[in-house]
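Thanks for coming. I will keep this short, and the picture goes up now.

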Amino acid sequence: MIKLTLRNIWRFAILVFLQIIIFNNIQFSGYINPYFYIIFIILLPFETPKWILMLSAFLLGFSIDILSNTLGMHASACVFMAFIRPFVLQYISPRDGYEASSLPRIHYYGFTWFLKYSVILILAHHLFLFYIEVFTFSGFFYTLSRALLSSLFSIIIVVFSQYIVYRK
Amino acid sequence: MRALINFFLKHYYFLLFLAFELFSVFLVIENNNYQKSSFLNSANFISGNIYNGLSNFNSYINLYELNEKLSSENTQLYNSLKTTYKSNKISLLEIYDSTYFQQYVTTSAHVINNSVNRQNNYLTIDKGENQGVYQEMAVTSPTGIVGIVKNASNNFASVISILNTNVHISAMIKKNEYFGSLIWDGKNYKEITLKDIPNHVNINIGDTIITSGYSSIFPKGKLIGVISDFEHEKGGNFYLITVKLSTDFKKLSYVYVIGNLLKQEQKDLEKTSEND
């Protein structure tokens with residue numbers, strides 16, 4: 001348990017670092033920016049108490065905000081994403097539920113399950129983020145296209161990272 | 001009472017979500033008001049130092065290009081030195097008079113954090129109040145204007161880039177001095193829109209756009225860019241002019257911070273006339 005907590009704290013720090021140093025500097029054609037750090041919320045264990053889920057999502061977004069001058073934007077998007085996570089997990093749960101001591105990873109529940117899970121969460125986060133950034137619905141489709149293109153990149157990176165970093 | 005407690009226990013997750021979400025949105029709105037100084041920005045100590053280290057590394061990679069730029073700028077400066085001009089004066093007497101005095105002070109700074117992909121972009125520079133950089137000073141680069149200082153801490157300052165949908169800057173067409181305001185539409189970081197130029201003005205593609213100097217922040221005549229396209233505003237009497245920025249915001253490295261020594265005087269005067 002303690003080991004798992006420590007590992008998640010490490011992951012938190014490393015992901016914030018990576019996002020600021022590398023992913024914030026990746027910009028395809030001026031406006032596609034992958035947000036990889038949200039994989040932290042995706043990978044939290046199933047049994048995480050809801051208030052810890054919410055609090056860590058807020059802190060995650062808040063750290064990114066402070067470091068990239070977007071106070072409140074990432075925090076609100078992350079909190080929203082954390083809020084819908086339990087409902088998404090319930091919605092796509094396998095027929096006999098989640099096994100004890102398993103983690104929401106590609107190795108436990110397979111590619112399709114993980115893809116479905118991360119697509120829903122990442123789309124929710126990105127749409128929320130991009131609309132709160134412009135803070136208006138004028139230019140609705142332009143913002144939508146930015147959000148969708150960025151989501152696509154984030155999803156690809158998140159899914160690939162599962163094969164690169166984590167071994168069973 | 002018990003019913004109330006039960007209600008909170010039952011819906012604590014949703015209430016917690018609501019609390020966090022409202023707090024975050026409050027932060028967004030609070031921070032959107034860009035004149036307000038905020039403490040939690042990239043000019044603060046921790047993030048300032050992180051970005052400083054990062055940009056030290058980046059500037060190493062760009063050294064070649066930077067040297068080119070600096071040397072071309074040096075040449076320009078040498079050319080403007082007094083010693084390079086031959087005097088036409090007939091009299092040998094030098095006259096010192098008090099009609100000239102300094103209005104603008106310039107400090108050079110290094111950009112340590114920058115973005116072009118958001119709707120509201122900011123930069124961080126490595127000079128702060130200890131080095132004489134204060135709020136509302138103008139920031140320019142050798143190739144054109146960059147932005148306005150928003151907050152300054154002791155050793156860092158955050159700068160609102162002109163690539164920010166909240167910023168309006170007074171600009172004019174160099175050849176006929178008609179002025180309008182510059183607004184970024186949040187799309188292409190190479191272009192900016194100039195509005196409020198009346199329809200009867202004669203403009204051409206390639207005309208130079210400079211700062212007007214009316215705002216007390218930017219000195220008059222700083223380069224912004226050239227007209228790349230223009231059209232008539234639908235149903236209006238004004239042009240919608242697309243200006244190609246002369247500064248490449250993705251490659252910003254060294255900038256100049258320009259302070260106007262007479263700003264307070266101008267502002268006070270304008271305020272008294274507004275109150276009348």
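First, the ground rules. This is a predicted model, in which local features need pLDDT of at least 70 and side-chain atom pairs count only at pLDDT 80 or more, while totals for chains, interfaces and linings use all residues. Residues are numbered from 1 along each chain as its sequence is written, chains are lettered from A and ligands numbered from 1 in the order in which they are written, and side-chain values use heavy atoms, with hydrogens and water left out.

Start with chain A. Chain A has six helices and zero strands; helices here are DSSP runs of H or I with at least four residues, strands are runs of E with at least two, and both are numbered from the N terminus. Along the sequence, the pattern of chain A reads α-α-α-α-α-α. Chain A has 168 residues, and 55% of them count as buried. Buried means under 20% relative accessible area, exposed means over 50%, and partly exposed is in between, with a 1.4 Å probe and protein chains only. Now contacts, meaning heavy atoms within 4.5 Å. Of the contacts in chain A with a separation of 6 or more, 68% are between residues 24 or more positions apart. Chain A exposes about 7,900 Å², and carbon and sulfur atoms supply 73% of that; the areas come from the Shrake-Rupley method with a 1.4 Å probe, and for residues only the protein chains shown count as cover.

Chain B next. Chain B has five helices and twelve strands. Of its 276 residues, 38% count as buried. In chain B, residues 24 or more positions apart make up 61% of the contacts with a separation of 6 or more. Chain B exposes about 16,500 Å², with 57% of it from carbon and sulfur atoms.

Now the interface. On the chain B side 35 residues are in contact with 37 residues of chain A. The area buried between the two chains is about 3,300 Å², and carbon and sulfur atoms give 66% of it; buried area is the accessible area, with a 1.4 Å probe, that two parts lose on being put together, summed over both. Which residues of chain B lose the most area to chain A? They are Tyr13(B), Asn117(B) and Arg118(B), together 22% of what that side buries.

Which elements of chain B give two or more residues to the side that touches chain A? Helix H2 (12-32), helix H3 (45-61) and strand E2 (120-125) of chain B do. H2(B) gives the most, with 15 residues. By type, the residues on that side of chain B are 17 nonpolar, 14 polar and four charged. In that count Ala, Val, Leu, Ile, Met, Phe, Trp, Tyr, Cys and Pro are nonpolar, Asp, Glu, Lys and Arg are charged, and the others, Gly among them, are polar.

How many salt bridges are there between chain B and chain A? The count is zero. A salt bridge here is a side-chain nitrogen of Lys or Arg within 4 Å of a carboxyl oxygen of Asp or Glu.

Over all chains, the count comes to four salt bridges. Lys267(B) is partly exposed at 34% relative accessible area, and Glu136(B) is partly exposed at 30%.

Another pair is Asp207(B) and Lys175(B), with the closest N and O atoms 2.9 Å apart. Asp207(B) lies in the loop between strand E8 (191-198) and strand E9 (208-211) of chain B, and Lys175(B) in the loop between strand E6 (169-173) and strand E7 (179-183) of chain B, so the pair ties together parts 32 residues apart in sequence. Is Asp207(B) buried or exposed? Asp207(B) counts as buried, at 11% relative accessibility, and Lys175(B) counts as partly exposed, at 45%.

Then there is Lys220(B) with Glu177(B), at 3.3 Å from N to O. Glu177(B) is partly exposed, at 44% relative accessibility.

That is the end of my part.
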